[in-house]
Amino acid sequence: MSEKEVKNLEEIFEARIARDEKIEPKDWMPEKYRQTHIRQMSQHAHSEIIGMLPEGNWITRAPSLRRKAALLAKVQDEAGHGLYLYSACETLGISRDELYEQLHSGKAKYSSIFNYPTITWADMGAIGWLVDGAAIINQVPLCNTSFGPYARAMVRVCKEESFHQRQGFEIMLTLCRGTEEQKAMAQDALNRWWWPSLMMLGPTDAESIHTEQSMKWKLKRKSNDELRQQFIDQTVPQADLLGITVPDPDLKWNEETGHYDFGEIDWDEFWQVVKGHGPCNKERMKARVDAWNNGEWVRDAAMAHAEKNEKRKVAKAS
Amino acid sequence: MENTKKNWPLWEIFVRSKNGLEHRHFGSLHAADAEMAMENARDVYTRRNEGVSIWVVESKNITASNPSENGEMFEPAQDKVYRHPTFYDLPDEVKHM
């Protein structure tokens, strides 16, 4: 195709998106659109899969059968969300194996939040409340994104996500209404998860390199800073309701703007974690790679079994 | 051994959400065979009573039309207005037809 023809196709393409038309996998698309979507969707899928690990840590130690059943269901949902997103991503012509390879080699990223440890039961509450809360704010606008398979996967993900946040908040509420010690546990979890949750919404707009293009493609509808402000505004009153304190001395309601002002985020910490130096990066990757490698014989055996059955069927028919 | 490194094939999953409705495409997944595709489809796509019936079809068995040929494919239907009831003028006296 000549440069002029490509340029023409690109114009038609951008116009379709501007008209809110959806793009489907077999439609012509600019290579950059394909690559950006592979990057973002796979990063999203990887985050769901790695995101099972910090919570999986507490399934056997959940304090009651009710809590255990809910946590199991939540972790299972995360596996499901990872699977919806991987298969949506594969429609762009990349294989599942390549996607895993990018995760395992460190080429692809996942959300930095999952590199923090879950050291008490209250962390299950804080993750559901804060991390899933931030995730929902990020994800709801994606239900309208331009790439059809991604938008459809996100509709399903968002439907299932609100139970995650509610179960987390309920854990926090129970702890906060419990003994002094239990309330202290909830406060400690908020202290540790607050700032990483704010970082989870991504670098400031000034630092965010992909924002402009992503807005045009409707991969993003609000900037990172807008999403972060929305998260803070909605979460602070919930902390007040729990009776625990957000660990930010600069946090205060601003009558003029109608938003909370908040303190400086430690972006050095964020970039350290992104670059692989968070508290649990190595542990998470090792758990993931071990699970994949140790499961290899099972995958091979299932394939061999399927092939043998197929041959048997053919032999019987002939 | 042959084929031990072969990846699990891709399957398309169709779910009937309740009797009276058609099966609708829900998404896809990987599985070694149809039986496993069915089990995985249950766990991945119907964790909250989303369905009463599931079809699984190996993706390679689907023949899809090509969007770049949408012109030849679908445009001929556009100028056949006589296929629509509004094409026909009736006197007002005929109330319902």
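**Exercise 1. Find which residues lie nearest the centre of the second largest pocket, and describe its lining.**

Step 1. The second largest pocket is lined by 36 residues. A:R152, B:E12, B:H25, B:F26 and B:G27 lie nearest its centre. A pocket here is an open set of points on a 1 Å grid over the protein atoms alone, where a 1.4 Å probe fits, with protein on both sides within 12 Å along at least five of seven lines; lining residues have an atom within 4 Å of a point.

Step 2. Note the setting. This is a predicted model, where local features need pLDDT of at least 70 and side-chain atom pairs count only at pLDDT 80 or more, while totals for chains, interfaces and linings use all residues. Residues are numbered from 1 along each chain as its sequence is written, chains are lettered from A in the order in which they are written, and side-chain values use heavy atoms, without hydrogens and water.

Step 3. Look for the main supplier. Helix 7 of chain A gives the most to this lining, with eight residues. (Helices are DSSP runs of H or I, at least four residues, numbered from the N terminus.)

**Exercise 2. Describe how chain B meets chain A.**

Step 1. Count the contacts, meaning heavy atoms within 4.5 Å. On chain B, 24 residues are in contact with 24 residues of chain A.

Step 2. Look for salt bridges (a side-chain nitrogen of Lys or Arg within 4 Å of a carboxyl oxygen of Asp or Glu). The rule finds four across this interface. B:R47 forms a salt bridge with A:D77. Their closest N and O atoms are 2.8 Å apart.

Step 3. Find the leading element. Helix 1 of chain B gives the most to the side of chain B that touches chain A, with four residues.

Key. Helix = DSSP H or I, 4+ residues; strand = E, 2+ residues; numbered from the N terminus.
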